[in-house]
Amino acid sequence: MLSSSLHLDLDLDSFPWPAERPVAVRVHPVAERALKDGHPWLFEDSITSMSASAGAGDVVVVFDRKNRFLAAGLHDPENPIRARMLVHGEPAEIGPELFRHRIETALGRRSEVASRDTTAFRVLNGENDGMPGLVVDLYERTLVIEVFTVAWLPRLREIVPALRDVLAPERILLLASNRVGESDLCPPEAAHGSVLLGTSPQGGVPFLEAGLRFEAHPFEGHKTGFYLDQRANRCRLGRHAAGARILNVFSYTGGFSLHAARGGAAEVVSVDRAEAVLAQARRHFDLNRGDPQVSACRHETVEGDAFEVMSKLARSGERFDVVVVDPPSFARAKRHRDKALGAYRTLTGLALPLTRPGGLLVQASCSSRIGAGEFHDAVTGVAETAGRPLQDLEQTGHPPDHPVSFPEGAYLKCVWGRVP
Ligand code: SAH
């Protein structure tokens with residue numbers, strides 16, 4: 001199980017109040033066009049003048065050359081994305097009313113995701129739900145907020161009551177992205193996760209995904225504690241699993257493995273370099289022993305570097321009916337793109353010999369800097385060169401609770417191909 005640690009409560013009033021008066025901003029023509037088209041980011045080097053200096057979370061209003069309102073957003077004095085825009089075209093007040101409206105709209109869009117069998121989903125997907133730099137995930141009655149810009153810190157006193165009113169959670173947890181956590185504007189007790197409402201979770205936060213029992217670990221895990229974005233792909237894998245032997249590489253806490261087992265897989269091997277997440281994967285199998293398919297499935301965990309483990313498995317002649325490869329983002333910056341594409345190719349090259357003829361390769365990428373087209377070309381190119389061109393190809397992307405409203409918001413893509 002992932003370890004648990006102590007977290008201090010945070011006083012939201014300890015943050016400075018945002019300035020009452022908005023700051024007027026002028027920008028370069030290219031940025032004017034982007035904002036006019038609804039882009040949510042205003043970069044530092046696009047700004048030509050500001051009517052006053054602005055602090056974190058202050059409202060900035062951008063006017064065009066003819067003094068017409070373009071957009072309004074929240075200021076981040078430390079990030080190259082200097083302001084995240086919430087309002088475009090028509091002026092509107094940025095404050096509790098707007099936040100509440102955005103939350104309600106976002107919830108409305110997700111009515112088909114949440115059910116008795118699926119009790120965890122993304123409530124707010126940042127920019128794509130008109131709340132740039134703010135992510136909110138719900139795990140049953142636990143709400144996890146993650147802030148990706150210091151602009152939201154002074155606004156938590158507005159956002160938290162709005163979330164509480166609309167969703168009535170029992171617990172609210174706050175996470176800071178690495179960048180926010182390292183900022184002097186972020187109090188130390190917020191940098192490593194804090195409790196805003198209710199009690200600190202003891203162990204994992206339980207929830208259901210398509211009827212399977214899972215636990216999220218917001219403070220120790222990745223993202224807000226679970227990869228909710230892969231839900232639809234996990235469910236899809238379950239439909240390809242009957243009787244199969246399945247290799248799940250970069251397994252994290254075994255999301256794909258559990259869906260495979262419940263789908264009737266005879267055997268699943270989960271590979272990850274972190275023993276703590278593999279222990280949680282084994283716990284997830286234990287939690288679902290009540291399901292006859294899960295209890296009949298053999299599950300093995302292998303701790304180690306994915307590239308090395310895959311080579312070793314191939315050398316010892318192991319073959320699988322389905323190979324799932326879902327690595328972390330390899331391209332966090334533009335300059336890493338080529339290296340990332342190279343790593344995706346290497347992984348395809350390692351997965352093919354492990355896939356028996358007629359088997360299925362499922363390979364995903366979560367790098368927003370790699371487009372769906374070039375990822376597809378990388379994977380299929382390697383398969384073709386290896387003399388095993390992928391058949392019945394399908395590509396999947398974001399689930400409905402992770403909507404995409406601007407180009408940089410699209411990061412998740414997954415290639416499904418039959419390996420001849
Ligand atoms: N498929 C998972 C999410 C994968 S996240 C799900 O549906 O929940 C990526 C995982 O890759 C993390 O658990 C991380 O520990 C692991 N990882 C990163 N680099 C690795 C490497 N070189 N070898 C093995 N595992 C690695």
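For residue classes, I count Ala, Val, Leu, Ile, Met, Phe, Trp, Tyr, Cys and Pro as nonpolar, Asp, Glu, Lys and Arg as charged, and the others, Gly among them, as polar. The model is predicted, with local features needing pLDDT of at least 70 and side-chain atom pairs counting only at pLDDT 80 or more, while totals for chains, interfaces and linings use all residues. Residues are numbered from 1 along each chain as its sequence is written, and side-chain values use heavy atoms, with hydrogens and water left out.

Cavities come first in this talk. On a 1 Å grid over the protein atoms alone, a cavity is a set of points where a 1.4 Å probe fits but cannot get out; a pocket is an open set with protein on both sides within 12 Å along at least five of seven lines; and lining residues have an atom within 4 Å of a point. Points are joined across faces, edges and corners, and a volume is the space filled by probe spheres set on them. The whole structure has 2 cavities of 30 Å³ or more. What lines the second largest cavity? The residues are Asp 76, Glu 78, Asn 79, Thr 149, Val 150, Arg 179 and Val 180. By class, that lining has 2 nonpolar, 2 polar and 3 charged residues.

Next, the second largest pocket, which holds about 190 Å³ of space. It is lined by 15 residues, and the closest to its centre are Ala 19, Glu 20, Val 59, Ile 94 and Arg 155. The lining of this pocket divides into 8 nonpolar, 1 polar and 6 charged.

Now salt bridges, meaning a side-chain nitrogen of Lys or Arg within 4 Å of a carboxyl oxygen of Asp or Glu. The search of the whole structure gives 23 of them. One joins the side chains of Glu 32 and Arg 65, at 2.9 Å from N to O. This pair links distant parts of the chain, 33 residues apart: Glu 32 sits in helix H1 (residues 29-36), and Arg 65 in the loop between strand E4 (59-63) and strand E5 (69-75). Helices (H or I, at least four residues) and strands (E, at least two) are DSSP runs, numbered from the N terminus.

For accessibility, buried means under 20% relative accessible area, exposed over 50%, and partly exposed in between, with a 1.4 Å probe and protein chains only. Glu 32 is buried at 8%, whereas Arg 65 is exposed at 63%.

A second example is Arg 68 with Asp 64, again a salt bridge, at 2.9 Å from N to O. Arg 68 is partly exposed at 43%, and Asp 64 is buried at 5%. In a third, Arg 282 meets Glu 275 at 2.6 Å. Here Arg 282 has 33% relative accessibility, which is partly exposed, and Glu 275, at 32%, is partly exposed too. There is also a network of salt bridges, linking Arg 245, Glu 267, Arg 298 and Glu 318.

Last, the sheet. Two strands pair if DSSP finds at least two bridges between them. Which order do the 6 strands of the open sheet take? They run E2-E6-E5-E4-E1-E3, with mixed pairing. Strand E2 (41-43) and strand E3 (47-50) are the edges, each pairing on one side only. Strand E1 (residues 23-27) pairs with E3 in the antiparallel sense over 3 bridges. Within E3, Met 50 is the bridge partner of Val 25.
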